[in-house]
Amino acid sequence: MAALRRKFGEDYQVVNTNRGATFPSAPVKKKRQRFVEKNGRCNVQHGNLIGETSRYLSDLFTTLVDLKWRWNLLIFILTYTIAWLVMASMWWIIAYIRGDLNHGHDASYTPCVANVYNFPSAFLFFIETEATIGYGYRYITEKCPEGIILFLFQSLLGSIVDAFLIGCMFIKMSQPKKRAETLMFSQDAVISQRDGKLCLMFRVGNLRNSHMVSAQIRCKLIKSRQTPEGEFLPLDQCELDVGFGTGADQLFLVSPLTICHEINPKSPFFDLSQHSLMNEQFEIVVILEGIVETTGMTCQARTSYTEDEVLWGHRFLPVMSLEEGFFRVDYSQFHSTFEVPTPPYSVKEYEEKSSLPSPMMTPNREHVFSMDCLEAGEEGAGPGSGSASCKLPSKLQKMSSSGKDLQRRVLRLSSQQSEKASSTGDLPLKLQRLSSSPGQGDVEARFHLKALKVGFQPLAMSTGDLHQRSLPPTPAVTHSYALPHTPMTSIGGRPEDNLPAKLRRMNADR
């Protein structure tokens, strides 16, 4: 345990895969029926096949191959025993009809089969003929045409029976089902993050040194669901993508591999969270197919994972280590997992949270209009004003349409001190001048923007005073705009020396 903590850190520890230890407050769920057992056997039985039995008899060879070994051995023994007894009885009947049994020890009599006196001797003659042993003591004579015909029939029938039964036993013994016994699957599947994405993972391994050629893995999700039309599907099958588009489902299975299913909007586990996992009912069927390198036959290994065999927030322990000249696989840690920090919510919830706008990132809803924009809006007023690039607020547009002759040049700045100050180059200061504010300390000096009168009308006014046309033509202070980190050299000096180059040029032009 200490070595594992040194390897993976103090936060990661090997845990027991018992679900009761992971969620002690979760209710104990009744073990439900599996669709596919852990060893790959499909837990399905076919019944009420009335009238369909003939289909199995029409494919008798496949039916015998699919039977269990005990039934195959029983059929094998019974078939040979019955065939031997029947053929031996036919030889005994020929000897009985011809009367060879009564002249067995007469040297002057020529029987059909020499030295056949009773049924045991007829049975021995059949076995010697069928097995081509030929001891030379019992043989067919030339005065027995029916014996010759029976001998030919025996040879043909024996060849057919041997080919059928021996071929059936050979195919059954060479089936690659036992090759699947050396293909391992992890006892549990895990859900954790990989490359910043939530993934469902399980592990596969090959115990033999012989490789699986063209190994391919597929996953099926077995889950009951109801369609919008009201149809209930008790065992609906859904495909789980384990890298079909990228080719990751084609395995080079020379060492244990971790198969990964990315949980994305196309995945059926898109809305699966750690809490909802305890209330779900599903089964993941894993199918591994490949060609056995030694025989060239296709092999298929299967297993399944139910919802209580999926561990949230776990990861598999590494089993590969580098030795002197080779890589070593430690299968004692093949099924072991350890806990890792994993978000408990689903991918759907995560995307919904990330799509919501943050209060700190909400843009200011106030619109800032420059003098150029207002001038363009004034010039474009009229029938074709809708195509103007700069649009005024609805309140100002209504005031303009009523025929009131106001100077509609507005400058609005944000009054929040925490926000970043706007660039002075964007301010409409074509005809404005700056005057220093008296009464300020030696701290940060502030400049007040002072609007001048052009044609006896103020150029800069607040939006709340637009309806007051009879205001005296006194300079209106629109806003106190702070220039951070711009200390004044002297209170009584020229403020134009501290202005940016753009404003100095504008004042020089004025």
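The talk below goes through the core, a surface patch and one loop.

Guide: This is a predicted model, in which local features need pLDDT of at least 70 and side-chain atom pairs count only at pLDDT 80 or more, while totals for chains, interfaces and linings use all residues. Residues are numbered from 1 along each chain as its sequence is written, and side-chain values use heavy atoms, with hydrogens and water left out.

Visitor: Which residues touch the most other members of the largest nonpolar core?

Guide: A nonpolar core is a set of buried Ala, Val, Leu, Ile, Met, Phe, Trp, Tyr and Cys residues joined through side-chain atoms within 4.5 Å. Buried means under 20% relative accessible area, exposed over 50%, and partly exposed in between (1.4 Å probe, protein chains only). Here the largest core has 35 residues, and Phe202, Ile217, Phe269 and Ile284 touch the most other members. Elements giving two or more residues to this core include β3 (197–206), β4 (212–226) and β8 (283–292). The largest share, five residues, comes from β4. Strands (E, at least two residues) and helices (H or I, at least four) are DSSP runs, numbered from the N terminus.

Visitor: What is Phe202 in contact with?

Guide: Contact means heavy atoms within 4.5 Å. Leaving aside neighbours within four places in sequence, the partners of Phe202 include Ile217, Leu257, Val286 and Phe316. Another core lies apart from the largest one; its 13 residues include Met87 and Trp91.

Visitor: Which residues form the nonpolar patch on the surface?

Guide: Patches are made of residues with over 30% relative accessible area and no salt bridge; like charges are joined within 9 Å, nonpolar side chains (Val, Leu, Ile, Met, Phe, Trp, Tyr) within 5 Å. A salt bridge is a side-chain nitrogen of Lys or Arg within 4 Å of a carboxyl oxygen of Asp or Glu. Accessible areas come from the Shrake-Rupley method with a 1.4 Å probe, and for residues only the protein chains shown count as cover. In this model Phe61, Trp69, Leu73, Phe170, Ile171 and Met173 form the patch, with about 580 Å² of accessible area together. Helix α7 (145–173) gives the most, three residues. Phe61, in helix α4, counts as partly exposed because its relative accessibility is 32%.

Visitor: Is Thr182 buried or exposed?

Guide: Thr182 lies in the loop between α7 and β1 and is buried, because its relative accessible area is 13%. Leaving aside neighbours within four places in sequence, Thr182 is in contact with Gly205, Asn206, Leu207 and Arg208.
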